[in-house]
Amino acid sequence: VQLVESGGGLVQAGGSLRLSCAVTERTFGNYAMGWFRQAPENEREFVAAINWSGGSTYYADSVKGRFTISRDNGKNPVYLQMNSLKPEDTAEYYCVADPVVQGVVSGTGSWGQGTQVTVSS
């Protein structure tokens with residue numbers, strides 16, 4: 001499974017960005033998808049996940065109420081809308097896909113190359 005991320009960039013604190021992630025393969029199956037992030041000198045941390053249908057979502061406590069993960073009924077791509085961004089949200093954001101959402105949450109699925117998000121104070 002190949003994942004293509006886009007939407008990262010530089011934004012001021014309090015601003016918004018939207019990341020997107022698309023699965024590129026000839027025979028697209030039903031994938032749960034989500035996001036991890038890694039700041040310099042930190043471990044990778046789970047951010048958000050969504051099941052294949054879009055009916056269930058999961059968030060890290062640090063982003064609840066500010067970030068929203070979405071998709072249109074199992075379709076490609078998946079979006080991560082990030083609002084009220086803080087400098088501590090600065091990180092490389094990675095898309096993850098797996099046939100089951102537990103694989104996404106645990107980080108054992110397929111990973112994208114990452115997209116950088118930088119939030120200035």
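Let's begin with two cysteines: cysteine 21 is buried, and cysteine 95 is buried too. Keep in mind as you look around that this is a predicted model.

What joins cysteine 21 to cysteine 95? The link is a disulfide, with an S to S distance of 2.0 Å. A disulfide is counted when two cysteine sulfur atoms lie within 2.5 Å, and by this rule the count comes to 1 disulfide. The link ties together distant parts of the chain, since cysteine 21 sits in strand β3 (residues 17-24) and cysteine 95 in strand β9 (residues 91-98), 74 residues apart.

Strand β9 now leads us to a neighbour. Strands β4 and β9 run antiparallel and are joined by 7 bridges. On its other pairing, β4 meets strand β5 (residues 45-50), again in the antiparallel sense, over 5 bridges.

How many of the 7 residues of strand β4 (residues 32-38) are buried? The number is 6, so β4 is largely enclosed by the rest of the structure.

Finally, follow the chain from β4 into β5. These two strands form a hairpin with 6 residues between them. In this hairpin, glutamate 41 takes a positive phi near 70°.

Notes:
Residues numbered from 1 in each chain as written. Predicted model: local features only at pLDDT ≥ 70, side-chain atom pairs only at ≥ 80, totals over all residues. Heavy atoms only, no water. Helix = DSSP H or I, 4+ residues; strand = E, 2+ residues; numbered from the N terminus. Buried < 20%, exposed > 50% of the residue type's maximum accessible area, 1.4 Å probe, protein only. Pairing = 2+ DSSP bridges.
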